[in-house]
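Trainee: Before we look at anything together, could you take me through how such a model is read, feature by feature?

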Amino acid sequence: MNSNFPKDFLWGGAVAAHQTEGAWNVDGKGISVADMLTSGSRKQPRKFTPEFDPTYQYPSHEAIDFYHRYEEDIALLGEMGFKVFRMSIGWTRIFPNGDESEPNQAGVEFYRKVFEALKRHNIEPLVTLSHYEMPLNLVKKYGGWANRKTVDFFLNYCKTVFTEYKGLVKYWLTFNEINILTTALGDLLAGGMISDKETPLMISFGNQASSQEAMQKRFQALHHQFIASAKAVQTAHEINPDYQVGAMIAGMVSYPYSPNPADVLKTQKNSQMGNYFCGDVMIRGEYPPFAERFFADNGIRLELAEDDLETLKNGTGDFLSFSYYATGCVTTDEELIKQSGNFLFGVPNPYLKASEWDWTIDPIGLRIFLNDVYDRYQVPVMIVENGLGAEDKVEEDGSIHDPYRIEYLRQHILAMNEAIKDGVNLIGYTTWGCIDIVSASTGEMEKRYGFIYVDKNNEGEGTLERRRKDSFYWYKKVIASNGEDLD
Ligand code: BG6
């Protein structure tokens, strides 16, 4: 292929702490909300249990034991030629309860060692500060992000890591997929996952409604995250002007199911609230004009502190990043909505195939979204999650053939190349779960995204041994040729 990727393009992969590290209660780490999520499956939703219940399996407790195996894992990423590795810091390793004033030194040292190992392999860390987890204590004691006090606790944590890792980290992201708080799934995240009953986690982005009360709380929590993010950007730049701090949203891309103008309008509205609401606040530094009507229509009244709007203006992100997996369709036809039941992305698109987990495969959608966000914001863009969750089979000789994964990634890289030709300033690409990790939505181990296989099954059994898949050698070539060699 004729590669248009810039010379210094950041090729790499991504993971999150609670899906990778394990060692959930080791070396002073506190309990995070993610530690209270049980395992699940495609059919059986995960549950959040407010207390540890030994009758359940909790995948984050061991995960893939990156905590003890990071040297070996980073060496494998280095062997693939990674330029960047997206990972998150577990807040509870640094502040076990979230409201302490002094950090837990063992946690601080752990990440220092990880960053130093990355440096030895010439891999730039890209660090998410909050990836779907927060100290459980902050939720129980203060009500999580719905309480403004959480902003200060978060900033104390940010200040600590920005100071400790000066010289080791350059790229940061504040909140993973912050725009999930605009959807019903965000009802759980707003209060930090806690609800008064055990909570099934699998909720459709597209079709679920929330009560007025839940929406009020969720948008107030989101406002607090915006303020926390804007202040984190400012703090980062004060501590080190070279820091690059990005915004991160889930690319929630959908098409009108039909040319019926009512479907087109609904699609536009979904995209405004789903993608641009957060993008506008975090990159343009202000709530978009359409927010006012949305708030009025839904009876939402935000409580703002006097200088909040100025804070948002002064804390815009240096770049925009997003995750991209699948697309869906939007319809106003109630019957169709009913038929699509649990489908995660609205209603299915008859033109697209889907993965074993029913996630549609749509490389062109990635090009469309790259063009859309770049047209709108004109700041550097990074794709920080993309990939195919699939079951893999280990052959008798130990090899793992995963042509389906290679094909998925190849098509998406081709679409990225076209988007660059379209004029998009795309600076990096980190595929999701570059080493097999726990699935966030189902808690399974066997929904695998990795170039590196990890010997562990859904029941939590296995040696945790790592193995290179065919895609490992393929991605190594892609990186070495800067996207030229995709065969
Ligand atoms: C993103 C999350 O929404 O999707 C990740 O940021 C998650 O944490 C990823 O793992 C893929 O989803 P899943 O459910 O296949 O793990």
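Mentor: Let us start with exposure: a residue is called buried under 20% relative accessible area, exposed over 50%, and partly exposed in between, with a 1.4 Å probe and protein chains only. This is a predicted model, in which local features need pLDDT of at least 70 and side-chain atom pairs count only at pLDDT 80 or more, whereas totals for chains, interfaces and linings use all residues. Residues are numbered from 1 along each chain as its sequence is written, and side-chain values use heavy atoms, with hydrogens and water left out.

Trainee: Is S441 buried, exposed or partly exposed?

Mentor: S441 counts as partly exposed, because its relative accessible area is 25%. Helices (H or I, at least four residues) and strands (E, at least two) are DSSP runs numbered from the N terminus, and S441 lies in the loop between β12 and β13 (452–454). Although S441 and F48 are 393 residues apart along the chain, their C-alpha atoms are separated by 12 Å.

Trainee: Which residue other than glycine has a phi near 55°, and where does it lie?

Mentor: That residue is N122, whose phi is positive, and its place is in the loop between α4 (105–120) and β4. N122 counts as exposed, because its relative accessibility is 67%. D358, also a residue other than glycine, has a positive phi near 70° and lies in the loop between α12 (334–339) and α13.

Trainee: How should I read a helix, and what span should α6 have?

Mentor: An α-helix has 3.6 residues a turn, so residues three or four places apart point the same way. The expected span is 1.5 Å times one less than the number of residues. Helix α6 (residues 149–164) has 16 residues and should therefore span 22 Å, which agrees with the 23 Å between its end C-alpha atoms. Among the buried residues of α6 are T150, V151, F153, F154 and L155, and the buried residues of this helix pack against α3 (91–94), β4 (124–130), α5 (136–142), β5 (171–175) and α8 (212–239).

Trainee: How far apart are the end C-alpha atoms of α14, and what covers its buried residues?

Mentor: The end C-alpha atoms of α14 (residues 403–422) are 28 Å apart, in agreement with the 28 Å that its 20 residues should span at 1.5 Å a residue. Its buried residues include R405, I406, Y408, H412 and N417, and their cover includes β1 (10–14), α13 (363–377), β11 (381–385), β12 (426–432) and α15 (470–480). After α14 comes G423, with a positive phi near 115°.

Trainee: What does S471 touch?

Mentor: Contact here means heavy atoms within 4.5 Å. Not counting residues up to four places away in sequence, S471 touches D402, R405, I406, G450 and F451. S471 lies in helix α15 and counts as buried, because its relative accessibility is 0%.

Trainee: How many residues does the largest nonpolar core have?

Mentor: In soluble globular proteins, nonpolar side chains tend to be buried together. A nonpolar core is a set of buried Ala, Val, Leu, Ile, Met, Phe, Trp, Tyr and Cys residues joined through side-chain atoms within 4.5 Å. The largest one has 138 residues, and those with the most contacts inside it are Y165, W172 and F277. The element that gives the most to this core is α8, with 12 residues. Apart from this core lies another, of 9 residues, including V84, L126, M248 and M382.
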